[in-house]
Amino acid sequence: MAKVTGLDGIVAAETDISLVDGEKGHLVYRGYWAKELAISKEYEEVAYLLWFGSLPNQEQLEAFTLKLQNNRVLPDSIRNILDALPASMPVMNVLQTTFAAMSDDAPSWPPTVEQAVALTALLPTLIAYWHRRQSGLPCMEPYTGLGHTANFLYMLSGAQPNPAHVKALNAYLILGMEHGMNASTFASRVVLSTQSDMASAVSAAIGAMKGPLHGGAPSGVIAMLDAIGTKDNAEAWIRQVLERGEKLMGFGHRVYKTRDPRAEALRQVTEALSGNDPWFDLAVHTEKTAIGLLEEYKPGRRLYTNVEFFAASIMRAIALPTSLFTPAFTAARVVGWTAHILEQAEINRIFRPQSVYTGPMPEQL
Ligand code: ACO
């Protein structure tokens, strides 16, 4: 009998936050197509939708934007923690450690939307602070007049961002915000279900996010396309990988058995940004070649591009270093994690699945 692994098809919770339909390739956030939100709305509007259940009117949006802005500044207590960490630490480990340190010893049940706003607003500041520290650059204070996405780019680069880059990153962040019961979201709900606090649950989610099978894939996609180098080389290179029994980064998904709708939307956004770039041309050619070869080597598995494949193209087009790919995904997904944490708290019952013992028994029962 096959080993029980991976919780395939197990329903762990009912949710009003998003629908992921892997057969039809649908992704819906609280009644709206995610891909439409990605090209027509700002980060702030979709975060509001996921936390509060409806899109904000103008007055609500202004008040909410101000709340996010007010929580962007790095408190001295957190700065002291960051400065005590070794400068070689990868950003994801820094985020996980900082969130764990932020978890309050005082009783903090139930979690609140104010906590979600504060953690989400601070995350880009933490990423930018660490990136600039590692690059030997001075830390940038948040720029009050800029929206969440533009300010993120500003704090990373220290310069006013290119509006086309802001638009592309905004679309990516919206598409990365939420995706049902993925591994990191599940981890956050499990931790919260013990009545632990929101920062601890987010810290656990960050630990799950950094694995190469989850949020660590886009840098693998860049490495793969760099190694392929030219369109002529694509088929032979992909065949070698598949013959060795290895996986192609940016392909396959536990739920989607058709093209990931986020990949489709991100492909359009990247095309608008860098349609003439030979690297993008190579990405499109590699996608087509790989899908054909995956069907040849893994017939019937229905393996297509996932969100990470074109996320890599966007990150490259906006000149984000590879070390920041997974942190940028984290700056998106923190909204989904915290929305799920709030939902879990409303109906909470501690998660306690079972395992089947397959080891030996003592000789005498
Ligand atoms: N390349 C080659 N073969 C693959 C790939 C791939 N990218 N993905 C799956 N397969 C094959 C597996 O080898 C397996 O073959 P088998 O039936 O002969 O054993 C079959 O397809 C089923 O794959 P599983 O690994 O069982 O699928 P699972 O649902 O466990 O994994 C995952 C999904 C982790 C995304 C997987 O497809 C993968 O590792 N992809 C590459 C990494 C990646 O792109 N990750 C980003 C995911 S998106 C996100 O996290 C936001």
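Modeller: Some terms first. Two strands pair if DSSP finds at least two bridges between them. Helices (H or I, at least four residues) and strands (E, at least two) are DSSP runs, numbered from the N terminus.

Colleague: What kind of model is this?

Modeller: This is a predicted model: local features need pLDDT of at least 70, side-chain atom pairs count only at pLDDT 80 or more, and totals for chains, interfaces and linings use all residues. Residues are numbered from 1 along each chain as its sequence is written.

Colleague: What is the strand order in the open sheet?

Modeller: The order is 1-2-3, with antiparallel pairing. Strand 1 (18-21) and strand 3 (32-33) are the edge strands, each pairing on one side only.

Colleague: How many bridges join strand 2 and strand 3?

Modeller: Strand 2 (residues 26-29) pairs with strand 3 over 2 bridges. Valine 28 has tryptophan 33 of strand 3 as its bridge partner.

Colleague: New topic. Which residues does UniProt list for "active site"?

Modeller: His253 and Glu308, from an unreviewed entry. UniProt positions use the numbering here, feature names are shortened, and annotations may be inferred rather than shown by experiment.

Colleague: Where is histidine 253?

Modeller: In the loop between helix 12 (231-243) and helix 13 (261-274). Beyond four places in sequence, histidine 253 is in contact (C-beta atoms, placed from the backbone, within 7 Å) with Asp260 and Asn306.

Colleague: And glutamate 308, buried or exposed?

Modeller: Buried, because glutamate 308 has 28 C-beta neighbours inside 10 Å. The cut-offs are 20 or more other C-beta atoms within 10 Å for buried, 12 or fewer for exposed, and partly exposed in between, with C-beta atoms placed from the backbone. Glutamate 308 is in helix 15 (residues 307-317).

Methods:
Contact = placed C-beta atoms within 7 Å.
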